[in-house]
Amino acid sequence: MLHILWLILKFILIILGILLGLLLLAVLLVLFCPVRYKASAVKAEGGWKQTEGEGIVSWLFHGISLRAEWKDQQMEISFHLFGIPVDKLLKKRQEKRAVTKKSGAEKVSVSGTDGNREEEHKKSVVDHPKSENMETEDLKTDRNSASGTSADTERIRNSQISGQQELNADDTDRNSLKKRQFFIKRIYDRIRNIFQSIRTKLQNIRRTFGKIKKNVSWWKAFIEHPRVTAARKLVWKHGKFLLKHIFPTRIEGQVTFSFEDPALTGAALAVLGMTIPFHKNCIQINPRFDSENYLYGNIRAKGRIYGFVPVRAAVSIYFNKNIKYVIKRWKTRRA
């Protein structure tokens with residue numbers, strides 16, 4: 001009995017060890033297996049329609065790769081998992097499902113239309129004589145009711161007209177007085193509302209200026225605090241290191257350009273000269289002062305990103321005391 005329990009426990013421990021080993025392997029791969037990327041662009045002589053570009057992102061020694069290609073003004077994206085084109089397989093499945101759904105829908109529509117036509121024909125044959133009889137009866141009843149009510153309506157109208165003529169003479173004088181009083185009251189209310197709106201606007205402006213003054217003083221004290229400055233320097237340090245790590249390790253290519261105005265060519269050359277610290281003069285720039293508009297060339301770049309670099313930066317920033325102080329003070333908004 002004990003031997004059997006020991007074998008079961010041994011089997012469970014082996015499974016747990018395998019799962020822990022796989023989990024540790026996955027963590028190590030995420031941290032130390034880099035994500036590699038490549039990008040290239042080619043612009044031939046002529047219009048922008050002849051531009052071509054390609055980008056590839058791969059991981060796990062090119063086992064998982066995503067490729068995007070721009071050619072002939074069309075974007076093509078492909079995803080490969082250990083050499084298997086996953087996107088093509090999914091497209092084929094979707095096409096097969098669409099074909100089966102269309103065939104089933106056509107069969108149902110054909111059978112349904114035949115049945116509906118037969119039912120509509122039967123209903124029209126049965127209901128047609130009934131509808132004609134009902135219409136003739138309704139016309140007769142309407143004529144009889146109209147002849148009976150016409151005499152009564154004429155008597156009521158005559159009595160109403162005679163009463164209204166007597167009341168209109170008395171109401172005209174009263175309406176004229178009411179209109180004058182209403183006009184004077186309306187002008188007074190408008191003047192009073194204008195003064196009240198001006199007063200409220202001045203009070204709101206005063207309050208907003210007070211709030212802005214308080215916010216400016218709070219922001220000034222918050223930014224100039226020594227712990228906030230230390231946290232800002234730490235974030236800048238790690239951010240700068242991350243940008244340097246993510247930036248391509250190798251860039252090469254050449255660009256040739258020209259403008260109709262030679263002054264524009266010189267200005268563009270000055271702006272491109274500011275980018276030398278980033279690509280370290282690996283891109284050869286050839287300006288031409290031919291008084292023509294053209295641009296052509298090619299650029300290639302590649303790099304890698306290790307997972308432990310952003311993880312280390314995030315951990316060091318999260319557990320820093322100055323960062324926690326900044327977050328706490330931001331939430332409470334107190335000095």
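Predicted model: local features only at pLDDT ≥ 70, side-chain atom pairs only at ≥ 80, totals over all residues.
**Helix packing**

Two packed helices are described by the angle between their axes and the distance between the axes. For helix 3, spanning residues 226–246, and helix 6, spanning residues 308–318, the angle is about 175° and the axes lie 10 Å apart. Because angles over 145 degrees count as roughly antiparallel, helix 3 is described as roughly antiparallel to helix 6. On the side of helix 3 the contact involves Leu234, His238, Phe241, Leu242 and His245, and these meet Val309, Pro310, Arg312, Ala313, Ser316 and Ile317 of helix 6. By residue class, the contact of helix 3 with helix 6 comprises seven nonpolar, three polar and one charged residue.

**Aromatic pairs**

There are 11 aromatic pairs in the structure. In one of them, the ring centres of tryptophan 218 and tryptophan 219 are 5.4 Å apart with the planes at 85°, so this pair is classed as edge-to-face. Both residues belong to one aromatic cluster, formed by Trp218, Trp219, Phe222 and Trp330.

**Cysteines and accessibility**

The disulfide count comes to zero. Cysteine 33 counts as buried, while cysteine 282 is partly exposed.

| Residue | Relative accessible area | Class |
|---|---|---|
| Cysteine 33 | 5% | buried |
| Cysteine 282 | 39% | partly exposed |

Note on methods. Residues numbered from 1 in each chain as written. Heavy atoms only, no water. Axes fitted to C-alpha atoms, helices over the stretch in contact; angles between N-to-C directions. Helix = DSSP H or I, 4+ residues; strand = E, 2+ residues; numbered from the N terminus. Parallel < 35°, antiparallel > 145°, perpendicular 65-115°, else oblique. Contact = heavy atoms within 4.5 Å. Nonpolar A, V, L, I, M, F, W, Y, C, P; charged D, E, K, R; others polar. Disulfide = S-S within 2.5 Å. Buried < 20%, exposed > 50% of the residue type's maximum accessible area, 1.4 Å probe, protein only. Phe/Tyr/Trp six-rings, centres within 6.5 Å; stacked < 30°, edge-to-face > 60°.
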